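Here is a friendly note to read alongside your model. Please keep the viewer open and follow the points one by one.

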Amino acid sequence: MTQVQLEVRGKVAVATIDNPPVNALSAAVREGLANAIKSANADAAVAAIVIASAGKAFIAGADISEFGQPPAPPSLPEVLDAIENSAKPVVAAIQGVALGGGLEVALACHGRVALPAAKLGLPEIKLGLIPGAGGTQRLPRLIGAAKGFPMMLSGEPISAGLALEYGLLDEVASSDVAAAAIRLAEALAAEGRRAVRSAATGELTEADREVFEALAKDALKKADGMPNVAALVEAVRATALPFAEGAAVERRLFLSLVADERSKALRHVFFAEREVAKVPGIGPEVKPREIASAAVIGAGTMGGGIAMCFANAGIPVTLIETAQAALDNGVNRIGAIYDISVQRGSLTLEAKAQRMALIKPAVGLAAAAGADIVVEAAFEEMGVKQQIFGELDKVAKPGAILASNTSYLDVPTIAAATKRPQDVIGMHFFSPANVMKLLEIVRPAGSADDAIATAVVLGRKLGKVPVVVGNGFGFVGNRMLEQRTRAAERLLVAGALPHEVDAALVGFGFKMGPFAMADLAGNDIGWRSRKARGLKAAVADAICEAGWFGQKTGRGYYIYPQGARAGQRCPEVEALIARISAEQGVTRRSFTQEEILARLLDPMVNEGARILEAGIAARPGDIDIVWINGYNWPAWRGGPMFWADSVGLDLIVKRLEALAAEIGDKALEPAPLLKRLAAEGKGFANLKG
Ligand code: 3HC
């Protein structure tokens, strides 16, 4: 059951790695590779060695799931030293991806051949790490630091063609990469040439080092506190040392990053992103429906953004309004957004024209008749939605998916307006819809599995991160956001000021705090929704009553002189807040940034626990993916549920109990699931599987 098969073809021993799905370098693979090199060297009939792979990938890197566990010998650097020091030349036959430790295996070889479609990269930076098996030492020695450092800094893979140009590959083989690798291995053996031994290859040139130092300076400026950028710079600088010493520097830095909370968070996100794609109860036997055309109802900001998503993905879309003027406005707005991309150079004029041509404006719902999917993005009011779906039921073709972009409303009630509730689902985009990655797919009871599967596949085609959620007020994201919004208002009344609350969240890693965000989105939106639901928020209501709707009116929680984007503290708002505290008999007190964070985030975690209890989210990781992709939660903080685990659920329970008692609000008491996990000394991570 070895994961590395050794087969001798002529004079060449071919070691084939077979560890599905992506040939990650598990302990068994490392051991298999080390044994293969050893026995090929011991076999007098073998002159050279090829490392090849079965399946789609060459090697996707170290096995990320092994990080954080006790190391199992042999270590990857040990295996790579054995490859590099092999008395017989070793050639890598690369098909598919050679990533991270996978590219490091290839770098330790004496020759490298790849198929044209192969991708080569060192993506460790995206996991909060740096290459840890000699990549930072061998890559710059082989292709120069000026080219190698940017590859490691971005983590983006390069094509085989570019790798050949860089000298990272010896050859690009149009087909049968193993045969080409065997030929190269035989040639190297015949010539007695050890080819380029990457570790030993010369020092970096002075000019190369200068370019690297300039790039490093810029990278450090933009590092945003991520420790792996500085570590990468330090490791590449260590190429000035003899190889073994440089490799020791890299290893020390790598191991300290593996233990760092930020890398743990990013690794959690890596697995959560993949898990979210698996919808409970919907297996590969459920075949998605074909989506060749779409219709979007409503040409407002949201509907226009959704139509752009379809056009960007090359799917023809009919954009529908009730009146020509509104339609013209919507189409013009879309054109203007594309124009900005053209001005910035990220879109060509031809591409803009192609996308605009895919958007067919139409007045009246009858135009939705031919669409395989209809996304309704009309006014957020049940009566409006029901009327639209009732009419759609009459015109849409059989089997078409009818999706509502509602952010709060009950999807089954919308579906009840049709005779085909199985085809009615929610597709909740986030604003701006053409930019934000998150797509909540609402799966009401009674919806057809293949309708949900279709939405997931389509979501990915539109470049989104689809998360399937259950039906329930505000679904996952907005339901938790509401808790944070209420917490922010409570903090103002209790003694904090808007800039203090915002600073706590920015310090945590969000791009913006709740008040700057509210000013940007428009305070009147929440006001209208509170009024509709009979809810009150003393400060937020008073600000709206004064007409301070945010940036669009020049003032909200902050003042925006002459259309400035960054708000300034507003003495009038601060006086208004103090007055409301006094009216409510609250003696204002100051809060530390940690207290503010706990008061904002603990109630969100509590709501997350309720969402899990109710089955609205399938897994804690799904909630994390929602918050990272839809609400700018910093990925290196892993999402709210991961964060809660890192704080400790027992502490969160204690803080919530204290808060509930202080405010006198039973709704803030810890959810049963949260209490149970805390009492058992567990975290949300224990709910997996
Ligand atoms: N370790 C463990 N599991 C991995 C893995 C890895 N390096 N790479 C992928 N997988 C798993 C995924 O979790 C997924 O598992 P699942 O089916 O149980 O959900 C499965 O392989 C397939 O992965 P994807 O769904 O991502 O498949 P795609 O075909 O879309 O993408 C890929 C394949 C491009 C290889 C992508 O998985 C990827 O980018 N992988 C990570 C690459 C990476 O970061 N490598 C560096 C690792 S760190 C390292 O090497 C340190 C070294 O320097 C010492």
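1. Start at the ligand: one of its nitrogen atoms is 2.9 Å from a polar backbone atom of I64. A polar contact here is a pair of N or O atoms within 3.5 Å. A ligand nitrogen also sits 2.8 Å from a polar backbone atom of A62. E104 uses its side chain instead, with a polar atom 2.8 Å from an oxygen atom of the ligand. On its own the ligand exposes 990 Å², and the protein buries 71% of that; such areas come from the Shrake-Rupley method with a 1.4 Å probe.

2. A word on what you are looking at. This is a predicted model, in which local features need pLDDT of at least 70 and side-chain atom pairs count only at pLDDT 80 or more, while totals for chains, interfaces and linings use all residues. Residues are numbered from 1 along each chain as its sequence is written, and side-chain values use heavy atoms, with hydrogens and water left out.

3. Now look at the whole shell of 23 residues around the ligand, where A62, E104, E124, R274 and K278 come nearest. A residue is near if one of its heavy atoms lies within 4 Å. The shell has 14 nonpolar, four polar and five charged residues; Ala, Val, Leu, Ile, Met, Phe, Trp, Tyr, Cys and Pro count as nonpolar, Asp, Glu, Lys and Arg as charged, and the others, Gly among them, as polar.

4. Which helix gives the largest share of this shell? Helix 11 does, with three residues. Helix 3 (101-108) and helix 11 (261-275) each supply at least two. Helices (H or I, at least four residues) and strands (E, at least two) are DSSP runs, numbered from the N terminus.

5. Next, find the open sheet of eight strands, in the order 12-11-10-13-14-15-16-17, with mixed pairing. Strands pair if DSSP finds at least two bridges between them. Strand 12 (359-363) and strand 17 (465-470) are at the edges with a single partner strand each, so one side of each has no neighbour in the sheet. Inside the order, strand 10 (294-297) and strand 13 (373-376) pair in the parallel sense over four bridges, and A294 stands opposite I373.

6. Finally, helix 25 (620-630) packs against helix 26 (640-647) at about 115°, with axes 6 Å apart. Axes are lines fitted to C-alpha atoms, for helices over the stretch in contact, and angles run from 0 to 180 degrees between N-to-C directions.

Notes. A polar contact is a pair of N or O atoms within 3.5 Å; within protein, one must be able to donate a hydrogen and the other to accept it, and residues adjacent in sequence count only if both atoms are side-chain atoms.
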